[in-house]
Amino acid sequence: MAVRPVGGNLAQTVKLMQINLFCGLSVHRGEQPPLRHFQTYKTGALLAYLAFYGQQAHPRELLVNLLWPDADPASGRNRLTQALVWLRPRLEATESERGTILISDRQSLRLQTSGVETDVRLFEDALRAADSKLGPAVQIEALRRAVDLYRGELLTGYYEDWVLTERQRLFEQFLLALRRLVALYEQTEAFDRALDCARRALVADPVSEEIHCALIRLLALTGQPAAGLRQYREMEQILQRELDEEPSAAARTLAEQIRRSEPQLVRLQPGLWTAPQKLPAPLTRFFGRSDEIQQVRGLMEGGQVRLLSLIGTGGCGKTRL
């Protein structure tokens with residue numbers, strides 16, 4: 001069992017607890033069965049928030065407003081207390097651990113980060129390590145670690161505004177990591193692994209033309225032009241069905257090069273793609289803003305706008321849009 005120092009005292013340690021936030025919420029500790037079910041939905045949401053933002057203390061009033069916005073202040077504080085009463089013995093199982101993981105006072109709450117690790121924090125640490133200038137091998141190792149940690153979308157089953165925002169951000173980081181792996185594997189001529197990563201990226205984002213094009217080009221480069229053209233036809237069908245769009249000129253040129261057996265298919269470099277970037281596909285349905293969505297997409301994808309500001313009263317849905 002791994003241990004970490006608490007409060008800078010090397011003699012004082014606690015058992016390392018793992019809280020997984022990807023693909024749902026679960027708490028893992030040693031040989032104990034994982035904790036996956038919580039007293040209430042809000043109890044789980046409270047733990048998820050404290051774990052995700054574990055580097056800071058959170059005012060109790062903020063947590064009450066976040067989790068029980070419709071409750072009167074006294075009722076909200078009581079519900080927060082009830083959630084803490086349920087969580088504490090499950091996070092701090094022994095008497096010696098009381099107050100070492102769930103740190104609270106009359107004003108604020110936080111999780112002791114030296115006693116708790118999260119898969120999201122490890123994922124982002126791995127991405128930061130991949131930004132090093134130590135060469136492709138180091139970057140590949142870090143990126144592989146990151147994509148292996150991403151087991152599914154953030155906090156499946158939770159739909160708070162902050163969850164939806166962070167879910168999309170982490171999903172995009174995951175896709176970017178896979179794209180970088182494709183480029184690095186191709187750079188080092190590990191084509192089978194490049195193909196595996198491109199296919200995994202396509203499963204995660206099946207309407208991405210740039211990922212389809214990367215896979216098409218890799219299939220052609222590895223002596224599978226027929227498979228590359230089948231992938232192009234599949235992309236045509238998906239874009240038409242899901243987005244009512246046709247492949248871009250760059251994608252059509254790529255398919256024509258393959259049909260003519262032209263050898264000048266350009267190798268990828270890290271961060272470079274053959275098709276123009278499009279906005280990411282939404283992970284959940286969004287009702288009542290179809291006109292605004294089309295307007296934003298038109299401005300951003302037209303190539304003329306680099307920064308777009310959304311203006312409106314509080315609570316009207318700017319963050320979600």
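**Helix packing and salt bridges**

Modeller: Helix α9 (residues 225-243) packs with helix α10 (residues 249-259) at an angle of about 150°, their axes 10 Å apart. Axes are lines fitted to C-alpha atoms, for helices over the stretch in contact, and angles run from 0 to 180 degrees between N-to-C directions. Helices (H or I, at least four residues) are DSSP runs, numbered from the N terminus. This is a predicted model: local features need pLDDT of at least 70, side-chain atom pairs count only at pLDDT 80 or more, and totals for chains, interfaces and linings use all residues. Residues are numbered from 1 along each chain as its sequence is written, and side-chain values use heavy atoms, with hydrogens and water left out.

Colleague: Are α9 and α10 roughly parallel or antiparallel to each other?

Modeller: Angles under 35 degrees count as roughly parallel, over 145 as roughly antiparallel, 65 to 115 as roughly perpendicular and the rest as oblique. The angle here is about 150°. The two helices are therefore roughly antiparallel.

Colleague: By class, how many residues in the contact of α9 with α10 are charged?

Modeller: Contact means heavy atoms within 4.5 Å. From α9 come Pro225, Leu229, Tyr232 and Met235; from α10 come Ala251, Arg252, Ala255, Ile258 and Arg259. Ala, Val, Leu, Ile, Met, Phe, Trp, Tyr, Cys and Pro count as nonpolar, Asp, Glu, Lys and Arg as charged, and the others, Gly among them, as polar. The contact has seven nonpolar residues, no polar ones, and charged residues numbering two.

Colleague: How many salt bridges does the structure hold?

Modeller: A salt bridge is a side-chain nitrogen of Lys or Arg within 4 Å of a carboxyl oxygen of Asp or Glu. Glu61 with Arg77 is one, at 3.7 Å between the closest N and O atoms. The structure's count is 17.

Colleague: What is the relative accessibility of Asp148?

Modeller: Asp148 meets Arg200 in a salt bridge (3.9 Å, N to O). Buried means under 20% relative accessible area, exposed over 50%, partly exposed in between (1.4 Å probe, protein chains only). Arg200 is partly exposed at 30%. Asp148 also counts as partly exposed, at 47%.
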